Amino acid sequence: MVDTRDSERSSYEQRQQNYSDAILGETDKHTLNHDILSPPEAIICQYCDQKKCPCCSYEVNYYYNYGLSRRKIRLCTACYYEVYGDGRKLSSEIVTKAYTRICETIMNSATVANNQRNRHRVNYFDAVKCAFDMNSEVRAYLGESCNIDKNLKGLWSFTYAIINGRERGIEVLDADPDNLILGLDDKKICLPS
């Protein structure tokens, strides 16, 4: 009977020893101990330059150069709501419909310009103004009282998507932010005659 207790005790001590080894970092080579035990490192918010917990940060698209360029940045929760929380709650359906209405207006308001080899041309901001006047979705997205020009930051994500997403047949003829001229590629789109 004494031998049985000693064998049980040594078995328990062996299991306890293996557990304490795991805590000290001496584990099986297939187990990554540092992934389990180390706390997450802080990230730096690219807006306020403060160290923040990774669980309290967002990776967002940051549009600049009047919507002609984009990069990814990390923002903490407080900065995210300061930058992007303008108090309005917009559904993804409204954003999608506003983008679609602007693209449709660009395609519908294109005119033929003989000096550009018969390409269909439209001034981007004129098309957005027309879409704003005709569609409640665009007004809901941009806000009822706004000045539609290159400085309207709410429009920059659409500008970037339209300029870089050529699946609708829209192409850039002049990328000057003051006079952004778009054209339609006749090979990709059929216009009614």
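Aspartate 49 is found in the loop between strand S1 (43-44) and strand S2 (51-52); helices (H or I, at least four residues) and strands (E, at least two) are DSSP runs, numbered from the N terminus. This is a predicted model, in which local features need pLDDT of at least 70 and side-chain atom pairs count only at pLDDT 80 or more, while totals for chains, interfaces and linings use all residues. Residues are numbered from 1 along each chain as its sequence is written, and side-chain values use heavy atoms, with hydrogens and water left out.

Aspartate 49 is not a glycine, yet its phi is positive, near 60 degrees. Tyrosine 47 lies in the loop between S1 and S2 as well.

Strand S3 (residues 57-64) and strand S4 (residues 69-76) run antiparallel and are joined by 8 bridges; two strands count as paired if DSSP finds at least two bridges between them. Asparagine 61 has lysine 72 of S4 as its bridge partner. The hairpin leaves 4 residues between S3 and S4, and asparagine 65 in the turn has a positive phi of about 60 degrees. Tyrosine 66, in the loop between S3 and S4, also has a positive phi, near 60 degrees.

| Residue | Relative accessibility | Class |
|---|---|---|
| Aspartate 49 | 58% | exposed |
| Tyrosine 66 | 30% | partly exposed |
| Tyrosine 47 | 46% | partly exposed |

Tyr47 also belongs to a nonpolar surface patch with Tyr62, Tyr64, Val83 and Tyr84, and together they have about 460 Å² of accessible area. Such areas come from the Shrake-Rupley method with a 1.4 Å probe, and for residues only the protein chains shown count as cover. A patch takes residues with over 30% relative accessible area and no salt bridge, joining nonpolar side chains (Val, Leu, Ile, Met, Phe, Trp, Tyr) within 5 Å and like charges within 9 Å. A salt bridge is a side-chain nitrogen of Lys or Arg within 4 Å of a carboxyl oxygen of Asp or Glu. S3 and helix H3 (77-84) each supply at least two residues of the patch.

Notes. Buried means under 20% relative accessible area, exposed over 50%, partly exposed in between (1.4 Å probe, protein chains only).
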